[in-house]
Amino acid sequence: MTTPVLGTQALAHEWIKFRSVRSTVWTTAATAVLPVLGAVFVATTGSLQSDDTVLGGSLTLSVVAQMLAAVVGALVMTGEYSSGTIRTTFAARPRRSTVLAAKAVLVAGVMYVLAMASCTLAYLVGDALLPEGRYARGEPLPALFGIAGSFAVAAVLGLAVGTLVRHSAGAVTTVIGLLLLPSLFGPLFGDAERWIAGLSPTAALEKLTQTSDAAADTVGSLGPWPSLLLVAAYTTVLALGALVLLRRRDV
């Protein structure tokens with residue numbers, strides 16, 4: 001049997017497991033719903049800042065949704081360790097690289113599609129509900145593609161952390177810390193602040209949404225696309241490190 005066929009089968013098996021676990025299904029659903037709810041809340045309460053954009057205001061809750069995307073990625077791996085099904089998974093498919101790759105493709109693909117649909121809808125809702133002409137619209141294209149990509153990267157980051165930690169609570173805490181801490185501590189590093197703060201997936205997301213909160217002193221001065229590429233690069237390195245450790249462990 002060829003490798004592409006094995007990969008397709010592994011992806012199909014991961015999809016079955018993904019939609020059969022309540023925690024991942026409900027967290028995924030919350031990830032999709034939050035941006036739209038945020039757009040409705042901001043528009044109906046009139047809480048949008050005068051210097052903000054329609055895109056940024058409509059995606060106010062996208063940062064929280066991105067955190068949930070990372071949590072989903074972590075649970076996809078830690079859930080199997082918690083239930084003990086990881087032994088069955090590796091017994092059925094001894095090539096652990098195939099298992100991890102299938103999980104990564106699945107969570108990245110699901111989160112990209114959901115984020116693209118949800119964030120686009122949130123923007124359209126915000127644009128329809130907010131007073132016309134009062135706020136700058138922002139530039140939704142190509143930003144929405146990058147926003148969806150940041151969700152996919154966050155999910156893979158969560159998967160890598162889940163593979164390394166193997167325990168749900170520890171993995172969730174760790175990945176949320178990775179998302180938030182660079183922006184919090186970046187200003188403490190002087191000239192390196194633009195790199196440290198820009199390491200956070202949430203920083204890249206805020207820049208892509210063009211929110212007024214994305215000031216250089218809180219999210220770094222790197223542009224949105226370089227920040228996203230930087231996050232994708234270290235996520236790839238972390239995922240490869242997780243694969244190495246996964247191969248060396250007994251389970």
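The structure is a predicted model, in which local features need pLDDT of at least 70, side-chain atom pairs count only at pLDDT 80 or more, and totals for chains, interfaces and linings use all residues. Residues are numbered from 1 along each chain as its sequence is written, and side-chain values use heavy atoms, with hydrogens and water left out.

The side chain of Lys-17 forms a salt bridge with that of Glu-80 at 2.9 Å, N to O; the term denotes a side-chain nitrogen of Lys or Arg within 4 Å of a carboxyl oxygen of Asp or Glu. Because Lys-17 lies in helix H1 (residues 3–20) and Glu-80 in helix H4 (residues 62–83), the pair ties together parts that are 63 residues apart in sequence. Helices (H or I, at least four residues) and strands (E, at least two) are DSSP runs, numbered from the N terminus.

Together with Glu-14, the residues Lys-17, Glu-80 and Lys-103 are linked in a network of salt bridges.

## Salt bridge between Arg-137 and Asp-127

The search of the whole structure finds five salt bridges. One of them joins the side chains of Arg-137 and Asp-127 at 2.5 Å, N to O. Arg-137 lies in the loop between H6 and H7, while Asp-127 lies in helix H6, so the pair ties together parts that are ten residues apart in sequence. Arg-137 counts as partly exposed at 41% relative accessibility, and Asp-127 also counts as partly exposed, at 26%.

## Overall architecture

The secondary structure of the chain consists of twelve helices and zero strands. The radius of gyration is 19 Å, close to the 18 Å that the globule rule gives for 251 residues, so the chain is as compact as a globular protein of that length. That radius is taken over C-alpha atoms, and the globule rule is 2.2 Å times the number of residues to the power 0.38. Along the principal axes, the C-alpha atoms fill a box of roughly 60 × 40 × 30 Å.

Of the 251 residues in the chain, 48% are buried. Among contacts between residues at least 6 apart in sequence, 77% join residues at least 24 apart, where contact means heavy atoms within 4.5 Å.

## Surface and charge

The chain exposes about 11700 Å², of which carbon and sulfur atoms supply 68%. Accessible areas come from the Shrake-Rupley method with a 1.4 Å probe; for residues, only the protein chains shown count as cover.

There are 16 positive and 13 negative side chains, and the centres of the two sets lie 20 Å apart. Lys and Arg count as positive and Asp and Glu as negative, whereas His and the chain ends are not counted. The place of a charge is taken as NZ of Lys, CZ of Arg, CG of Asp or CD of Glu.

Val-156 is found in helix H7 (residues 140–165) and counts as buried at 17% relative accessibility. Leaving aside neighbours within four places in sequence, Val-156 is in contact with Ala-104, Val-107, Ala-108 and Thr-235. The C-alpha atoms of Val-156 and Leu-238 are separated by 9.5 Å, although these residues are 82 apart along the chain.

Helix H7 also holds Pro-142. A cis peptide bond joins Leu-141 and Pro-142, with omega of about 5°.

## Positive phi values in loops

Arg-166 has a phi near 75°, a positive value in a residue other than glycine. Arg-166 is found in the loop between H7 and helix H8 (168–185) and is partly exposed, with a relative accessible area of 30%.

Gln-210, likewise a residue other than glycine, has a positive phi near 60°. Gln-210 lies in the loop between helix H10 (201–209) and helix H11 (216–219), and counts as partly exposed at 26% relative accessibility.

How values were computed: Buried means under 20% relative accessible area, exposed over 50%, partly exposed in between (1.4 Å probe, protein chains only).
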